[in-house]
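I opened this notebook to record what I looked up in one structure. The entries follow in the order in which I made them.

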Amino acid sequence: MTSTNPVFTRPLGASFYYYDQYLLNVRSNGHYLIRSSSPIDTYGYLNTDPFDSTYPGYNLVAFDDDAEGSGQFRLEVYLESNTTYVLIVTTYNSYVTGSYSITASGYDQINITNMTSIPATTFGK
């Protein structure tokens, strides 16, 4: 996440936060785990598509700040195969930049497309 990323005011936030946006699709309905790993304090939001940065609470499915420990998010969610989801990765503190990684696992394959900066990625079971 860099200072060239888009910004938004997150739900329950009082300032502006850089964010990355990912599209998620699963092949099968089931339970999935999405988590972050980073030296920065990350925050994750999962919405159904579309994501509206002017009203980020719209279509909100789940969000988390620290369930993974050490300032990392952990989303344990039931996802459906006929739905496109939007994962928003941001930070706990405003205007923070830095690197992070996301791991995703669950019942079946998860297709993840970074809509902010990198090509499509597929994570296995």
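**Entry 1**

The model is a predicted one, in which local features need pLDDT of at least 70 and side-chain atom pairs count only at pLDDT 80 or more, while totals for chains, interfaces and linings use all residues. Residues are numbered from 1 along each chain as its sequence is written, and side-chain values use heavy atoms, with hydrogens and water left out.

I placed Asn 114 in strand S10, residues 110-114 (strands are DSSP runs of E, at least two residues, numbered from the N terminus). Its side chain makes a polar contact with the side chain of Tyr 22 at 3.4 Å (a pair of N or O atoms within 3.5 Å; within protein, one must be able to donate a hydrogen and the other to accept it, and residues adjacent in sequence count only if both atoms are side-chain atoms). I also found a polar atom of the Asn 114 side chain 2.6 Å from the backbone nitrogen of Thr 116.

**Entry 1**

**Entry 2: Salt bridges**

How many salt bridges does the structure hold? I recorded 4 (a side-chain nitrogen of Lys or Arg within 4 Å of a carboxyl oxygen of Asp or Glu). In one of them, the side chains of Arg 27 and Asp 108 meet at 3.1 Å, N to O. Arg 27 lies in the loop between S3 and S4 and Asp 108 in the loop between S9 and S10, so the pair ties together parts that are 81 residues apart in sequence. I noted Arg 27 as exposed, at 54%, and Asp 108 as buried, at 11%.

I then turned to Arg 74, which meets Glu 68 at 2.8 Å and Glu 76 at 3.0 Å. Arg 35, Glu 68, Arg 74 and Glu 76 are linked in a network of salt bridges.

Terms used: Helices (H or I, at least four residues) and strands (E, at least two) are DSSP runs, numbered from the N terminus. Buried means under 20% relative accessible area, exposed over 50%, partly exposed in between (1.4 Å probe, protein chains only).
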